[in-house]
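This report describes strand pairing, nonpolar cores and charged contacts, in that order.

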Amino acid sequence: MIEKIKEITNKKSFHVIVITIIMVILFFILGITILDYNENGESNMPFNISKISIISTSEGIDKVSEGNKWAFDINQNNDIFVYIKKNDGYGKTETIKSIVLDNFQIEKQSEKGEMKIFKPDTTSEIQIFTNKEENVENSLEYVAGAESNFKNLQISNQGDKLAFRYSNVNVASYESNEEEEINHAELLKKSGITMEDLKGTLSFDITINLDSGKIFKANVKLEMPIGDIIENASQSIELTDFEDVVFKRIKN
């Protein structure tokens, strides 16, 4: 019996079969690993998104309209603050070099309005954002340093907050010659616009560049605006569940 086993195991075809089986198992394990990574991404990030705060509001911009006492173009604004926190359990020392926000896209249910991304306004001491054309950006790069100053697009190399505004510009208009006073908080409601006209999904990429040369990238999706902005002029929320935000390593 032992001689028979030796005869079989010494055959070239046996070795080919064994090697083939081992290769199939290895490729299967590799395939499962790749599928798991594509779905779940990095399991231990040096820096994570800890919170996203969103404030949804509306504003009326004065315009000229003959024969009307009041005339406004209406913007629906969403001020977004992304908080980046260091992962104390990462196990290695890493520092942020820069963080880039780009590839902004909006899937809207209505064609009303125009999507614009605004950086913080460095010229205003009162307001964080103003809808000026010089503040419109397609991408934002926060450069890291010892301290943060989000209005100047600076972030601490240990993490802090990023800020930008998504605005649905000129989503509605309102004109009137009958009212003595105008409550700007009611402009959306007075314009006759609906929540279906305002709703959309904003998506953008966030890329974390580290001083070590490692680069991580993820896509974030946010439903806009927050709450019933027509009935309640200002709505806010803090998001802390980011299971759907999958960071992948772009560079080691």
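In what order do the 6 strands of the open sheet run, and what is the sense of their pairing? The order is S6-S5-S3-S8-S9-S11, and the pairing is mixed. The model is a predicted one, in which local features need pLDDT of at least 70 and side-chain atom pairs count only at pLDDT 80 or more, whereas totals for chains, interfaces and linings use all residues. Residues are numbered from 1 along each chain as its sequence is written, and side-chain values use heavy atoms, with hydrogens and water left out.

**Strands and sheets**

Strands (E, at least two residues) and helices (H or I, at least four) are DSSP runs, numbered from the N terminus, and two strands pair if DSSP finds at least two bridges between them. S5 and S6 pair in the parallel sense over 3 bridges, and Ala144 stands opposite Ile155 in S6.

S2 has antiparallel partners in S1, over 15 bridges, and in S7, over 13 bridges. Asp62 stands opposite Phe72 in S2, while Ile80 stands opposite Phe164 in S7. Of the 17 residues of S2, 12 are buried, so this strand is largely enclosed by the rest of the structure; buried means under 20% relative accessible area, exposed over 50%, and partly exposed in between (1.4 Å probe, protein chains only).

**Nonpolar cores**

A nonpolar core is a set of buried Ala, Val, Leu, Ile, Met, Phe, Trp, Tyr and Cys residues joined through side-chain atoms within 4.5 Å. The largest such core has 38 residues, and those with the most contacts inside it are Ile49, Ile80, Val82, Ile84, Phe164 and Ile206. Among the elements that give two or more residues to this core are strand S1 (47–62), strand S2 (70–86) and strand S7 (161–176). Leaving aside residues up to four places away in sequence, Val82 touches several residues, including Ile49, Phe164 and Ile206, with contact meaning heavy atoms within 4.5 Å. A second, separate core has 13 residues, among them Ile74, Tyr174, Leu188 and Ile193.

**Salt bridges**

The structure holds 13 salt bridges, each a side-chain nitrogen of Lys or Arg within 4 Å of a carboxyl oxygen of Asp or Glu.

| Pair | Closest N to O |
|---|---|
| Lys112 and Asp197 | 3.5 Å |
| Glu133 and Lys116 | 2.6 Å |

Lys112 and Asp197 form a salt bridge that links distant parts of the chain, 85 residues apart, with Lys112 in the loop between strand S3 (96–108) and strand S4 (114–118) and Asp197 in helix H4 (residues 195–198). Lys112 is partly exposed at 40% relative accessibility, whereas Asp197 is buried at 13%.

In the salt bridge of Glu133 with Lys116, Glu133 lies in the loop between S4 and strand S5 (140–145) and Lys116 in strand S4, so the pair ties together parts that are 17 residues apart in sequence. Glu133 counts as exposed at 51% relative accessibility, and Lys116 as buried at 15%. Elsewhere, Lys63, Asp73 and Glu175 are linked in a network of salt bridges.
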